[in-house]
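Subject: A structure for you to look through

Dear colleague,

Below it I have set out what was found, one topic at a time.

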Amino acid sequence: MDNEYKASITGVGSFLPEKVLTNDDLSKMLDTTDEWITKRTGIKERRIVENGVAASDLAVEASLRALDDANVLPTEVDLIIASTITPDCLFPSTSCYIQEKLGARNAGAFDLLAACAGFVYALSVARSFVASGAMKTVLVVGTECMSKITDYTDRSTCILFGDGAGAVVVQQGNGRREIITTYLGSDGSQAELLMLPAGGSRLPASHETVDSRSHYIKLRGKEVFKQAIINMVDVITRAATENNMRVEDFDMIIPHQSNIRIIEAAMEKLKLPKEKAYINIDRYGNTSSASIPIAMDEIEKGGVLKPGSTAILVAFGGGLTWSSSIIKW
Ligand code: UT7
């Protein structure tokens, strides 16, 4: 892509609800153990919102932190893109609620749905608007209340998910955290592997959909597991090749946090040391599209990556969808 401008991430922020749900808590609710969950997923605990809290509430907290980090006022934002599979409601968009709560009165706002890969999809859109010169300041938020669509009677899924939000501000390049590339992929033929069946136009809400627990996430774990490894490896390799790099040139892989075994298997296939992958799944579980910006915020605030390092964001999720983005930190 011939960019008129370079697009950079000028601010990062995240927000996690205070309430912690540990593996031991889950083992009191259903037939599971801390040992099984830790060994099979790497998760020790996750954060859960209180009743009445919605995705836009988490998003606003993360956004305020990102805007503050970028030294940008809400009124200076041209566009808000919220990536979420747990919107406040089916419509209007969660990003409109975020726009109102932030007082971002000069911003357009829309939601983008690409499940766990959605944050990188949204980053790609933001980069294009900024790089073309059409917009100066885009706020990108990944925000999820996964606990609201999680079936706490299904031990194969309820152990995985947590709530949280992360946000970034994308503006014309300032020499830091430049978005070098983004790659997006999808395979709708495997849509049924990971989905929430009811509540849309295919299967509207009814007594039957409630009785059959069809408003909760359905996951065919083993198949998704395999696809996640294949596509994460592919989208990292492709990003490296198309930029005349080797995968070992990446100083850090910042993966979507879905299962430690998926991340470790991908690193092994790439022949990279597993220490190069940023991991926080032990503390937050799978927060879907929030996981990458939460990790980016921890990396930035913790000084984990030196300026000038090259990182790659990589995500995979329902759709199926996958995405990657090279960032010059
Ligand atoms: O973010 C989007 C992408 N999402 C993912 O990437 C999720 C990908 N999938 C996974 O992470 C894994 O498939 C799971 C963590 C969901 C499941 O792990 P697994 O190693 O694939 O386990 P499994 O489903 O094959 O189950 C193995 C055994 C079964 O028992 P039997 O049939 O061998 O007797 C399950 O019933 O483990 C049992 N099991 C559990 N046992 C204790 C399943 N869940 C649990 C549990 N506690 N929570």
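Please keep in mind that the model is predicted. Gly118 is found in helix H5, which covers residues 118–131, and, leaving aside residues up to four places away in sequence, Gly118 touches Ser83, Leu112 and Ser289. Thr153, by contrast, is 35 residues from Gly118 in sequence and lies 27 Å from it in space, C-alpha to C-alpha.

For the chain as a whole, the secondary structure comes to 11 helices and 13 strands. The radius of gyration is 19 Å, close to the 20 Å that the globule rule gives for 329 residues, so the chain is as compact as a globular protein of that length. Along its principal axes the C-alpha trace spans about 55 × 45 × 35 Å, and 54% of the 329 residues count as buried. If you take the contacts between residues at least 6 apart in sequence, 76% of them join residues at least 24 apart.

A cis peptide bond joins Phe91 and Pro92, with omega at about 5°, and Pro92 has its place in the loop between strand S4 (79–83) and helix H4 (94–102). Another cis peptide bond joins Gly319 and Leu320, with omega at about -10°, and Leu320 lies in the loop between strand S12 (310–317) and strand S13 (321–328).

Phe316 counts as buried at 4% relative accessibility, and Trp322 counts as buried at 12%.

Phi of Arg177 is near 45°, and Arg177 lies in the loop between strand S7 (163–172) and strand S8 (178–186), where it counts as buried at 5% relative accessibility. Phi of Ser288 is near 50°, and Ser288 is found in the loop between helix H10 (281–284) and helix H11 (291–301); Ser288 is buried too, with a relative accessible area of 1%.

Methods:
Residues numbered from 1 in each chain as written. Predicted model: local features only at pLDDT ≥ 70, side-chain atom pairs only at ≥ 80, totals over all residues. Heavy atoms only, no water. Buried < 20%, exposed > 50% of the residue type's maximum accessible area, 1.4 Å probe, protein only. Helix = DSSP H or I, 4+ residues; strand = E, 2+ residues; numbered from the N terminus. Rg over C-alpha atoms; globule rule 2.2 N^0.38 Å. Contact = heavy atoms within 4.5 Å.
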